[in-house]
Amino acid sequence: MYPLQFSRREVLRSSVGLAGLTLPTLLELRSQAALAPRATSCIVIYLWGGLSHYESWDPKPSAPAELRGEFSPISTATPGIQYCEHIPLIAKHSDKLAIVRSVHHTQGGHQQGMYVSITGHNPPGGVKAKSRDNWPSLAAMISRFQDPTAGTPGAIRLPYSMYDNGTLMAGEYGGWLGVDYDPVLMRTPAGTPFGGVSRYTNRELDLKLNLQKKRIVQRQTLREQLERPVGSKSDYERHNRFRRMASEMLLGSTVSKAYDLESEDPRIRTMYGDHIGGQSMLLARRLVEAGVPVVQVCAGAGDLAGGGGDNWDTHRGHFPKMKDRLLPVFDRSVSALLTDLEQRGMLEETVVVFLTDFGRTPKINKNGGRDHYPAVYSLALAGGGIRGGQVYGSSDSQGAQPASNPCTPADVHATVYKAMGIDHRTELYDRLERPFQVCDGEPLPLF
Amino acid sequence: MWRLNETSAARNWILLLAAMLVTGLHTDAAAVEKETLAAIKKIGGTVRLVAGNRTEWKVEFHLGGRQLTDKDLVHVAALKNIASLNLRDTEITGDGLVHLKGLTKLEWLHLERTDIGDEGVSNLAGLVNLQYLNLYGTRITDKSLDQLSGLKNLKRLYVWKTGVTDEGVARIEKALPNLKVIRGVDLSNLPASVPSEPEKPGKPIKWIAVSKASEAPKSENGENTEVVFENKSDRKVKIYWVSYGDELKLYGELEPGKTHRQNTYANNTWLISDENDKPLGYFIVGPEKSLAVIPQ
């Protein structure tokens, strides 16, 4: 069914660097990419800093007081499943959520924990944000399998990049897939900002989406050139320039309409909350609706900045910060997103996955905080054919070790790939033509 | 021997003939299919095989083919072997649904946000394999639900922003125990805005006039906070951050009469210059939100 002639655009999208450009690989990829029929889009919600599993998906009411913390569990819409009391709105959506309580890895630093969580692979030593030797993020990898002619960027990130005290973090980019697969950063155009957004994240330029009319004509010409079949004249040296211009072009139409939050029903906007956390979730929904295959939302201030701002790295004053600043925005925005995806009939075809660096320590430290803890923590998934109202795996009574079905971030990635009909064992080639499997994990039985 | 050979030859001929016939038919069917696919693509549709090693098609118009009208649906009807069809946001009406009548392999059907009322929905009553039907944002009422209550395989029915009522939903849910009807939030109960807290004005900080950049001290570190610059002069100014390493970093330009909100840290120095980079003065940010007024 596929023509043996590939447009330039397809070739540009399909190449893993220039060396990996082979048509058989592309054909093979397409035939392998069919597994499950459900999800066509994905929303990755990233909780930068490390979400405490105790104060979210895995409360431990019977643990000793110095471990269980100040909060109580609450019942959810699913009999027998309890969440933390400060996410009461999300608790009403437990029938849509699959909670994985037995995730673990061995990376205790933010950069390392984020890297393994967002790429599914341990970071190399001395990892650098801009290096093309890095593994692609989950979002970048998903965009690798999308229809390149769809007319939207393959992956978008909102609303900040991740920094740690001013250092840009590695992991949320296209890595060895190449610059074409770097998810495009967009600044959410509305909402009260997270507290403690640093100058580093603030400095990132907003994408200007307003197109001038006279330039559209040029873009159409450009588009024709892009769609022209690859013939005897090869212009590979213009590869990157074309890609950049193509991205700009693609941002011109449906995506810029989706970006205009003013055109959303004000009651729906209010449902998500008057905060950049909520407005980013709303924008994610609008982008997915406009055909963007994958949107990643950083649900917190982009820079950890020593834990001072509204991020999940709660070494100090954990309980008041969670209760007063972090969980209310999270609860409202996530519950609104699930409500909205569901009522539009989009949840069946959109897999929502929550990722974070690691959990937090069982023991509360002398500053009333919890420290980094990768030995066991919780993640969550919804939509895309994943059965809600279930808990997979468990941690022990103190929340300190996996007690059943231990699994890794890579297993959670494999689950997302399965929901999206992407064979996670597909081989891809990096810039040195070395073969890599898309994901080393195995899908969890959540369907 | 000879007779045997003759029989064998005849059989071979028959086989060959049959093979040619089948190939010929196959080519015809393939040609028709190819034409139909081309017609669908021409009107902005995308066609793919349904994932999962299946042979049915997934046809979508909701992204590139929103101008689709009722008469265009003949091309969709011609493809027949469709398991998933998305017509969201297209120009179709209830009259067009007659074309979907023969698509009995349909499992997923998106009709949301189209101009469909009760008048066309009876055409869907025979789509016995439907599992997912999205009618949100259409004009349908309980009458449509009654017409759909024979779809035994239906698991999800989306009716947000339609005219259906509690009674209609109760009737179809009783008729189809495996069905979940998704009604969505009641918009009339949602506020259009939340009263936002009045913004606290910043605490004014001191303007120190200088003529040389070297007179401005380099920034000291402190807690994260905010500064609002207000340009009360009659000219455009430039805003520089004096870094911890004593460099100047341009953060923006500010027109006369305008304000600019800037994230910063306490004890940071901000140098203001004119358009030609001639220093005019500086501010040192305080521990709380600061107001930095650039004087005349």
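**A helix, a buried leucine and an interface**

The buried residues of α5(B) pack against α4 (142-148), β6 and β7 of chain B, where contact means heavy atoms within 4.5 Å and helices (H or I, at least four residues) and strands (E, at least two) are DSSP runs numbered from the N terminus. The model is predicted, so local features need pLDDT of at least 70 and side-chain atom pairs pLDDT 80 or more, while totals for chains, interfaces and linings use all residues. Residues are numbered from 1 along each chain as its sequence is written, chains are lettered from A and ligands numbered from 1 in the order in which they are written, and side-chain values use heavy atoms, with hydrogens and water left out.

Helix α5 of chain B covers residues 166-175, and its Gly168(B), Val169(B) and Ile172(B) are buried, that is, under 20% relative accessible area, with exposed meaning over 50% and partly exposed in between (1.4 Å probe, protein chains only). These three sit on the same side of α5(B) because they cover an arc of only 95° around the axis, the arc being that of the directions from the helix axis to the C-beta atoms. Over on the other side, Asp166(B), Glu167(B) and Lys174(B) are exposed.

Then there is Leu100(B), in the loop between β3 (82-86) and β4 of chain B. Leu100(B) is buried, with a relative accessible area of 0%. Leaving aside neighbours within four places in sequence, Leu100(B) touches a set of leucines: Leu73(B), Leu85(B), Leu87(B), Leu109(B), Leu111(B), Leu124(B) and Leu127(B). With Leu124(B), which is 24 residues apart from Leu100(B) along the chain, the C-alpha separation is 7.2 Å.

As for the two chains, 41 residues of chain B are in contact with 35 residues of chain A. About 3200 Å² is buried between them, with carbon and sulfur atoms giving 54%; buried area is the accessible area (1.4 Å probe) that two parts lose on being put together, summed over both. In chain B, Leu63(B), Trp108(B) and Asn263(B) lose the most area to chain A, together 14% of what that side buries.

The rule finds four salt bridges across this interface, each a side-chain nitrogen of Lys or Arg within 4 Å of a carboxyl oxygen of Asp or Glu. Asp95(A) forms a salt bridge with Lys180(B), and their closest N and O atoms are 4.0 Å apart. Among the strands of chain B, β13(B) supplies the largest share of the side that touches chain A, four residues.
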